[in-house]
Amino acid sequence: MNSPKTHAVSPLHGRIALGGIGLAVTISIDLHLRLSGQVSPIWQTLSEYVYGKLGTASAAPLFSVMCLALSLGSVALLAGIAKAHRPGTTAVCVLLGVWSAGLFVCGLVPVDPDGQARSLAGQVHNIAALTAFVALPAAAFVLTKKGRERCPWEPRRTTIRRLAAASFVSVGVVLGGFVFTLTLGLFERLLFTVDVALLLTMVRPLVAVSRR
């Protein structure tokens, strides 16, 4: 006997989310390739691409577009989840809103240059980034809380929660990199990769029809 199908939650929001996430990933890859001689992917953070040079032009606008595209995609995910009207939706949307706002701030407020004194703007950037990277996996855990029948995210619950746990661990390692001599850039890129995978897994029920 065939299992009943669950409808896609919100294909339009899902497509916008995928577009924003895809654009952010494409720009990230482009920055890595074109600025490989200027920014170390092992030791320097993604935020430091803002000080790179693409010929005679600054890479800052491109980095800002990357952050804003990921923020837009995340807002679309938030709207799609809100449309599902499931228990706990408000908490998930608040956390995703914090994640999206943090990305927005990071895209507009640059990090301090490596080796220079900490500025107010640099501190705002760091706080926004930390808050965002904590809020996303927290949202994923709330979204997949047990006891929600017929939840579109239930079939992917295990994957989402494992990625969320990996995200939390990566945040801890990145924070440790500011205290100990660690390859900070490498672990931050690992965190970015995990979070992108987490977002894509959370987006899928918005666009996919699955069997229950």
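A crossing of two helices is left-handed if the near helix is turned anticlockwise from the far one by less than a right angle, and right-handed if it is turned clockwise. This tour begins with such a pair. The structure is a predicted model, in which local features need pLDDT of at least 70 and side-chain atom pairs count only at pLDDT 80 or more, while totals for chains, interfaces and linings use all residues. Residues are numbered from 1 along each chain as its sequence is written, and side-chain values use heavy atoms, with hydrogens and water left out.

**First stop: α2 and α6**

Select residues 60-84, which form α2, and residues 184-207, which form α6. Helices here are DSSP runs of H or I with at least four residues, strands are runs of E with at least two, and both are numbered from the N terminus. Two packed helices are described by the angle between their axes and the distance between the axes. For α2 and α6 the angle is about 35° and the axes lie 10 Å apart. Each axis is a line fitted to C-alpha atoms, for helices over the stretch in contact, and angles run from 0 to 180 degrees between N-to-C directions. When α2 passes α6, the crossing is left-handed.

Next, display the side chains where the two helices meet. From α2, show Leu-70, Ser-74, Ala-76, Leu-77, Gly-80 and Ile-81; from α6, show Phe-192, Leu-199, Met-202, Val-203 and Leu-206. Contact means heavy atoms within 4.5 Å. By class, these contact residues are nine nonpolar, two polar and no charged. Ala, Val, Leu, Ile, Met, Phe, Trp, Tyr, Cys and Pro count as nonpolar, Asp, Glu, Lys and Arg as charged, and the others, Gly among them, as polar.

**Second stop: two residues of α2**

Select Ser-74 in helix α2. Is Ser-74 buried or exposed? Ser-74 counts as buried because its relative accessibility is 1%; buried means under 20% relative accessible area, exposed over 50%, and partly exposed in between, with a 1.4 Å probe and protein chains only. Beyond its neighbours within four places in sequence, Ser-74 is in contact with Trp-99, Ser-100, Leu-103 and Leu-199.

Move along α2 to Ile-81. Ile-81 is buried, because its relative accessible area is 2%. Apart from neighbours within four places in sequence, its contacts are Thr-89, Val-92, Leu-96, Leu-143, Trp-153, Met-202 and Leu-206. Draw a line from the C-alpha of Ile-81 to that of Gly-14: these residues are 67 apart in sequence and 9.7 Å apart in space.

Select Leu-200 in helix α6. Leu-200 is partly exposed, with a relative accessible area of 36%. Leaving aside neighbours within four places in sequence, Leu-200 is in contact with Leu-18 and Ile-21. From Leu-200 to Gly-14 the C-alpha separation is 9.5 Å, although 186 residues separate them in sequence.

Then select Ile-27 in helix α1, residues 11-34. With a relative accessible area of 7%, Ile-27 is buried. Ile-27 touches Leu-62, Val-65 and Met-66, not counting residues up to four places away in sequence.

**Last stop: the largest pocket**

Rolling a probe the size of a water molecule over the atoms shows where empty space is left. On a 1 Å grid over the protein atoms alone, a pocket is an open set of points with protein on both sides within 12 Å along at least five of seven lines, whereas a cavity is a set where a 1.4 Å probe fits but cannot get out; lining residues have an atom within 4 Å of a point. Grid points are joined across faces, edges and corners, and a volume is the space filled by probe spheres set on the points.

The largest pocket has a volume of about 780 Å³. Of its 37 lining residues, select those closest to its centre: Thr-45, Asn-126, Phe-178, Leu-184 and Glu-188. Which helix gives the largest share of the lining? That helix is α4, with seven residues. By class, the lining has 23 nonpolar, nine polar and five charged residues.
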